[in-house]
Amino acid sequence: MKRIVFFLGKGGVGKTTSSAALSFYLSRNKKTTYWVSIDPAHNLSDIVHKDLHIKTQIDDFLFAEEVDVEGYLKNFLHETTNRMKEMYKYLQIVNLENMFDLLKHSPGMEEYALMYAMKEKIEENQDFEYIIVDTPPTGLMLKILSLPFSSKMWIEKLIRWRKRIISHRAAIANINPKKIDESLALTEEDDKVLKELGYQSEYVTFLIDLLSDKSKCKMVVVLNEDAMSLSESLKIKSGLNDLGLGLDFVILNKEGLGTVSNNIEKIFDLPTIRMPYLKNAMDTNTLANMGQRLAKIVE
Ligand SMILES: Nc1ncnc2c1ncn2[C@@H]1O[C@H](COP(=O)(O)OP(=O)(O)OP(=O)(O)O)[C@@H](O)[C@H]1O
Ligand SMILES: [Mg+2]
């Protein structure tokens, strides 16, 4: 994979339309491209009029997919519950049967599932030259992007605590083996929880490395000529800066419909690409032509 591009922005500004424009432009230039939506309210299929539940070829060099977020969440919860049951089966005291319901209603689960979906889809599609990601509106997307970083901090802390537990356990077993249930691991290598934490750590590290690789990963914000989309885009810029990721390009979409366009470059201090209001913003040929303006994002 040469480049991965995230299209971010307020609801309705044209993230899907701009990501479509770049995807079709790349495909028409014979670049293998995977266009994926991780927005729970997908609308790639509105543009291509095909069911994109699974990865589907929609142009000579272009495949598209709308990640089934509900399905992912269900799978994620089932897998997590099963792994927990397996790991903690010695703990009769905890009602693991209720774990599924508890997890399902825990705050942040959708974001977690989306982070995992994003990771898996990117990893599965590394063979494409370009990956173009259409994202949900600002609040949710910033949470998804921050999750790998906050999770890594937690996982590292948990790994340290877990190692201490194992070492204390081993010390007790040394003095009196009867005090420790024989199903419990006494070494780091045998401990299933530690193994699981290691696995989780690899997961989030993959995403952190990818998102932080500025030569491959480009963050693009789309806005219109209205004060609200401008202020939300500035929040995205500072949110990305806080994560150490940074914003790379601004797309001023539907130019001419408002009044704030003159000093966008100055406001953001970033290269700005302008896209006019299109008569036929759903037509793939029109989009592929417009996509030429976006080519510099992947140069
Ligand atoms: N340059 C353009 N010219 C004309 N219409 C446009 C343009 N860009 C987007 N649109 C139209 O504006 C509407 C919103 O665009 P789009 O769905 O791409 O936005 P979005 O940011 O993906 O929205 P959401 O946050 O709901 O996913 C659509 O009807 C789309 O066809
Ligand atoms: Mg959209």
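Helix 1 gives the second largest pocket the largest share of its lining, 3 residues. The model is predicted. Helix 1 spans 15–28, and it is joined by strand 7 (249–255) and strand 8 (272–276); each of these elements supplies at least two lining residues. The space in this second largest pocket comes to about 300 Å³. In total, 19 residues line it. Closest to its centre are G12, V13, G14, T17 and K254. By class, the lining holds 9 nonpolar, 7 polar and 3 charged residues.

Now turn to the largest pocket. About 740 Å³ of space lies there. Its lining counts 26 residues. Nearest the centre are M84, L158, E196, L197 and Q200. Four helices each put at least two residues into this lining: helix 3 (69–87), helix 5 (109–124), helix 6 (138–175) and helix 7 (192–212). Helix 6 provides the largest share, with 9 residues. Sorted by class, the lining of the largest pocket has 18 nonpolar, 5 polar and 3 charged residues.

How are such spaces found? Rolling a probe the size of a water molecule over the atoms shows where empty space is left.

To locate both sites on the model, start from the central residues. For the second largest pocket, pick G12, V13, G14, T17 and K254. Then follow helix 1, strand 7 and strand 8 around the lining. For the largest pocket, pick M84, L158, E196, L197 and Q200. Then trace helix 3, helix 5, helix 6 and helix 7.

Methods
Residues numbered from 1 in each chain as written. Chains lettered and ligands numbered in written order. Predicted model: local features only at pLDDT ≥ 70, side-chain atom pairs only at ≥ 80, totals over all residues. Heavy atoms only, no water. 1 Å grid on protein atoms, 1.4 Å probe; cavity = no way out; pocket = protein on both sides within 12 Å on 5 of 7 lines; lining within 4 Å. Points joined across faces, edges and corners; volume = space filled by probe spheres on them. Nonpolar A, V, L, I, M, F, W, Y, C, P; charged D, E, K, R; others polar.
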